[in-house]
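Please examine the sequence and the model shown here. The account after it is meant to be read alongside both.

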Amino acid sequence: MPTVGVKRDLLFKALGKTYTDVEFDELCFEYGLELDEITSEKEIISREQGDSKASGASDVILYKIDVPANRYDLLCLEGLVRGLQVFKNKLEAPRYRRVSPLSGEPQKLIITEETAAVRPHAVAAVLRNITFTQERYDSFIELQEKLHQNICRKRSLVAIGTHDLDTVSGPFTYTAKPPAEISFKPLNQTKEYTATQLMSLYKTDSHLRHYLHIIEDKPLYPVIYDSNGIVLSMPPIINGDHSKITLKTKNVFVECTATDLTKAKIVLDMMVTMFSEYCSQPFTVEEAEVVYPDGKTCKYPELAYRKEKLSSDFINRKVGINESTETIARLLTKMCLRSEVTGVGDEIEVEIPPTRSDVIHACDIMEDAAMAYGFNNIPYTTPRTYTVANQFPLNKLTELLRQDLAAAGFTEALNFALCSTEDISDKLGKKISETRAVHIANPKTAEFQVARTTLLPGLLKTLAANRKMPLPLKLFEISDVVLKDDTKDVGARNSRRFCAVYYNKSPGFEVIHGLLDRTMQLLEVKSERGDGYHIQAAEDSTFFPGRCAEIFVGGKSVGRLGVLHPDVITRFELTMPCSAVEMDIEPFLGHPAETTLTHDVPLHEVIKHHFPSQVPNSRPTSTKTVFGDVSSAAGLKALDDFLADKSYMEGFEATQADTTMFHAIPSAPSATFSHLLRWYNHVKSFLRERANLPSAKSQFVLEEDDDDDIDLFGSDDEEDNAEVEKLKEQRLAEYAAKKSKKPALIAKSSILLDVKPWDDETDMAKMEECVRSVKMEGLLWGQSKMVPVGYGIKKLQIGCVVEDEKVGTDLLEEAITAFEEYVQSVDVAAFNKI
Amino acid sequence: MSEAGVLETLLLRIEAADGGVDSLETASILGVDHQVLVGAVKSLLALEDLISAELRSSKHWELSGEGTEIAEQGSHEARVFSSVPPEGLPQSELMKLSFGKIGFSKAMSNKWIKVDKTHEGGPRIFRSVENIEDQVRDKLLLVLKGNTSQLEEKEKNELKKRKLLSEVTVKSYWITKGSCFSTTITKQETELTPEMIANGSWKEKKFKPYNFEALGVAPDCGHLHPLMKVRTQFRQIFLEMGFTEMPTNNFIESSFWNFDSLFQPQQHPARDAHDTFFISDPALAHEFPLEYLERVKKIHSEGGYGSQGYKYDWKIEEAQKNILRTHTTAVSARMLYKLAQQEKFTPVKYFSIDRVFRNETLDATHLAEFHQIEGVVADRGLTLGDLMGILHQFFTKLGITKLRFKPAYNPYTEPSMEVFSYHEGLKKWVEVGNSGVFRPEMLLPMGLPEDVTVIAWGLSLERPTMIKYGINNIRELVGHKVNLQMVYDGPICRLES
């Protein structure tokens, strides 16, 4: 949120009233501002640089006021005062006017085509016969700075230049040149520099160095010249010294160069609306003409007033109040949105001034009405929304398990989901390439390089930070890790894990094993091979050799437990033996009766929405409503129901849809249809001007057909619809084509599979033969070896290369596990994209 | 004398005494060690009001082991003198004696003996005076007889330096009768035993009173983390209010769902690398509902649904960028989109409490990841008053009843309100959450009916937890630097009180 500093006494003078700090704070709160700090220049300097530097600084009281990020019109004293005065009904919002110069031609700004590659847009205006004082001048400079920092996105989108018009002469040229060819005396410097020299000069400038990157590596730099070749500015870096504004300046030439034209127009409007107050003809701005490379011309500033019509009913309904149309118009006027009751029903015409670029939808107008009414005057109501609560099954399971794990004597830890690469790889004796870790592109410190792929490092770090606590330390955590997963739309997914550690003078494998048994008991999994769970010796570089086992549930590996490798213990700055268990808990979810919510969204829409495609500023489409024959009572009833909460057939203003429907009704409806009657009388008042009403966006169906598959839209729309469909199909086809192009490279992966036999008597040669007998298109078997697992059992480690499109790991695993008599399980030991 | 005998004799002496008896004196009269008597006093004290004892302390001088030896056998130098016969003694012989070495030098400096180094057969020692006066022994004997006062302070200190004397503090009791004094005592049992229950002897026995001032034995148990305890309570509140939990188990999100779908423009500062963690691998999201994506693009770049839009060049490349989600509202957006895909709209109330990530500068109250609490209600015709009403109910369950709302700005809600509550301790209004009504530019492209309003609010889980548990530094609460003692000692969580 931007903060604006204003001198308190100056503010009160302009407001014509002196407030206490508390009163002013209260006023700010109501208006959506925040009196953030009451301070002085002296206090700020003394706080930042020490008391010695502060002596002699001004001790005039400053108010630091936080302004909402979209209210550019409140970023200076002038705007704040104007807004608050109008809010307090002390002032009528001024009307800003663009005027032609009294004497002849407007100032011209000619844009050359070279700017296209670096900063293509420019707008300009002139403030004529302005009177500056020191305060006004400071505020003028400060507003430019605030705009630069906010809407201009640190000058990258828009940069403002202001010039003493009497020191230069138009027409002005906005062009782009190689930096070596640009040479001028920049603001507050004593000699001329080339643009190249300037870039190195400003490298060390605490303020300007932040903007250099915007054009630094461009071959051409933007520059504005007057007709005599004097440089006005080199946007977005610096202005020329020649045309600089002083207190004596009378006529100001304002230019804004930009990469975003919409924002440039807003910024220009803000500059001139705020400071035209000090022109000899207040609130008038002299136009300037911008000539584009193609010869087209445009006059700026736009200072556009936009009109919106809406009903007071809409505002009452959205806010939850019940005010008359006149009151609501008055409320809106207080917010600088001059509003008038049109006299047509409860319609209000709202004029949005150029200063309120934040108002882009009727809901913004509604909010202003609510603010003027006073948020804290709105009565609290309770929605009648009836819903049945459901827990997310995974969270429910987590909550239940946590309770019982604490009851089992383990204490819950809560670690960060982000960690260093080292934490999940080197320190655990693993390679980062094996981890399927998600990597962060812009970490500020080494603590946030990756999302964790295991909970273990966090628990070990918690142990290390609490070594002073009495032993044994028993910790657990149930939380999410993040793994890369190509099947997800974002290419990664969370996985809920359970991890526990036991840290004592002896490793306590039996303690951790006992905790696993207890956990399985809680999860109703029996200790048995097959459907139950069992553990089996495994090799893992994180664990002490021969002291690690893999946990199998229903034949599938879900995790590991064991005594940690002494190297791992040492790397985590621990000194005692430690055993640990980590496993997935998602396999224990079961199948809840209710359908579970997921964050996967359908990629193709089943429901066909009718969305306007051409008219950008169109009203929302109506719901598809069938009223039946409105000459019948049933039809009228349906229509009455429809209008119960609406003022018009469509949107918030009368359209042809209303008149069409009006004429379809044979006679004035009876008072039993109260909503319909209200609407009927209201629409009747439009009849004289019916031809001028906006056309309907959709037609309402008046005749009920037996066929359910009724044609909801008129024939014109039908074509429209077909076109939309066609367009959609075309896009889909393009997308499919784009997608299908990708695998044209034939994405391949190298997979290393661990195939485990039932026992030590399984014929391993025969098993390998079976595995190699699996043939698929796009599958190539590679080298293999026997790796001892423990208890004399060996597993087969076999490599293969697959084409991603044709062979999936699921498919492979399925095919191999089909050799039931030899193969107990298959796991992907490594998966690498080639 | 047996323990019981000591107790009995002591009680009799107390009864006979005028005023009271001194424990030290009594011990010496009875000829028992003072410690034995003190033990007897302690056990009598345990019996209610039988006796009362006042602790007194006095200092006196005592001989050390070496000092006692000297008092008995004479000082080392005196013993050297007496062990030298008139014909002299070879020095080597003298040195073999236990006191030889120390006594020799002292006797030499007293000029009691002399050495003939040239004597045939090695150095030989001869007496140099006829008689000696063993002053050290005399002084020590004085102390031994209890006549310490006859020694000067300087002399005592010199003997103390030679480690022959030491000053000891003697603690004794001045014992008087208590209000329930009696010379007979019944033995008290410490604990009830199975035997006593079996044979009924507990009826006859007296039991030692418990010391209720002491603490009990800490139970051996595990503990839940305070932040998770608070999370459980917040879940409970939402469930009590009929809210369904959203699946927020997706930390990695596309910019599309995190920002674009929420009508947050692509140049918005929150989308800067300064605020958001971008993902380098997997860098891009690759699947979107395309029809919806087109509508989102349109609303940003051209407007529609009654909106002016932002009028800028919306780029899919920007929307594809994967990030660590900056708010759980990304999941709310997915849920609302799914809701819009239902054949018929049904009202919903959703909530979630889960981690979100910000690439912020860390300090005592900010971490790069924290838990966001979020509530969302979608129904036809909801009002701003409804939002306030539901917030009032929600915060009442947290024990917060005084609320005030400040207009605010948020790209995806309009109106937006900051929620303030009156803090009795700080005597001022403090911000407790954010809330608002989702913009039509967010909801209508999803395909939700026009008359459906969605209200939402959010707050962090860490802040109320830090206040609840009085924690000032967030690192003591979240992450591996947690203070486990704090976790062990944490009370249960009742938010309303």
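The paragraphs below proceed from whole chains to annotated spans and then to individual residues.

This is a predicted model, in which local features need pLDDT of at least 70 and side-chain atom pairs count only at pLDDT 80 or more, while totals for chains, interfaces and linings use all residues. Residues are numbered from 1 along each chain as its sequence is written, chains are lettered from A and ligands numbered from 1 in the order in which they are written, and side-chain values use heavy atoms, with hydrogens and water left out.

Chain A contains 22 helices and 33 strands; here helices (H or I, at least four residues) and strands (E, at least two) are DSSP runs, numbered from the N terminus. Of its 834 residues, 51% are buried, where buried means under 20% relative accessible area, exposed over 50% and partly exposed in between, with a 1.4 Å probe and protein chains only.

Chain B has 19 helices and 18 strands. Its radius of gyration is 45 Å, well over the 23 Å that the globule rule gives for 497 residues, so chain B is more spread out than a compact globule. The radius is taken over C-alpha atoms, and the rule is 2.2 Å times the number of residues to the power 0.38. Along the principal axes, the C-alpha atoms of chain B fill a box of roughly 130 × 75 × 45 Å. Buried residues account for 53% of the 497 in chain B. Of the contacts in chain B with a separation of 6 or more, 68% are between residues 24 or more positions apart. The accessible surface of this chain comes to about 23000 Å², with 51% belonging to carbon and sulfur atoms.

The charged side chains of chain B number 59 positive and 67 negative, and the centres of the two sets lie 2 Å apart. In this count Lys and Arg are positive and Asp and Glu negative, without His and the chain ends; each charge is placed at NZ of Lys, CZ of Arg, CG of Asp or CD of Glu.

Two annotated spans come from UniProt, whose positions are given in the numbering used here, with shortened feature names and annotations that may be inferred rather than shown by experiment. In an unreviewed entry, UniProt assigns "domain: Aminoacyl-transfer RNA synthetases class-II family profile" to residues 229-491 of chain B. The end C-alpha atoms of that span lie 10 Å apart, and the span is 30% helix and 27% strand. For chain A, UniProt lists "domain: B5" (unreviewed entry) at residues 303-380. There the end C-alpha atoms are 39 Å apart, with 38% helix and 19% strand.

Which residues does B:Arg231 touch, not counting residues up to four places away in sequence? They are A:Glu399, A:Arg402, B:Ile353 and B:Leu461. B:Arg231 itself lies in helix α11 (residues 226-240) of chain B and is buried, at 15% relative accessibility. A:Gln391, in the loop between α11 (362-373) and α12 (393-407) of chain A, is partly exposed, with a relative accessible area of 29%. Apart from neighbours within four places in sequence, A:Gln391 is in contact with A:Lys396, B:Arg235, B:Leu239 and B:Glu245. A:Gln391 and A:Thr596 are separated by 205 residues in sequence, yet are 9.4 Å apart in space, C-alpha to C-alpha.

A cis peptide bond with omega of about 0° joins A:Pro235 and A:Pro236, and A:Pro236 lies in the loop between β12 (231-234) and β13 (238-239) of chain A. In chain B, the peptide bond from B:Asp281 to B:Pro282 is cis, with omega near 0°; B:Pro282 is in the loop between β11 (279-281) and α13 (290-301).

A:Lys154, although not a glycine, has a positive phi of about 55°. A:Lys154 occupies the loop between α6 (134-149) and β7 (158-164) of chain A and is partly exposed at 39% relative accessible area. A:Cys336, also a residue other than glycine, has a positive phi near 70°. The loop that holds A:Cys336 runs between α10 (325-334) and β18 (339-341) of chain A, and A:Cys336 counts as buried at 16% relative accessibility.

Terms used:
Contact means heavy atoms within 4.5 Å. Accessible areas come from the Shrake-Rupley method with a 1.4 Å probe; for residues, only the protein chains shown count as cover.
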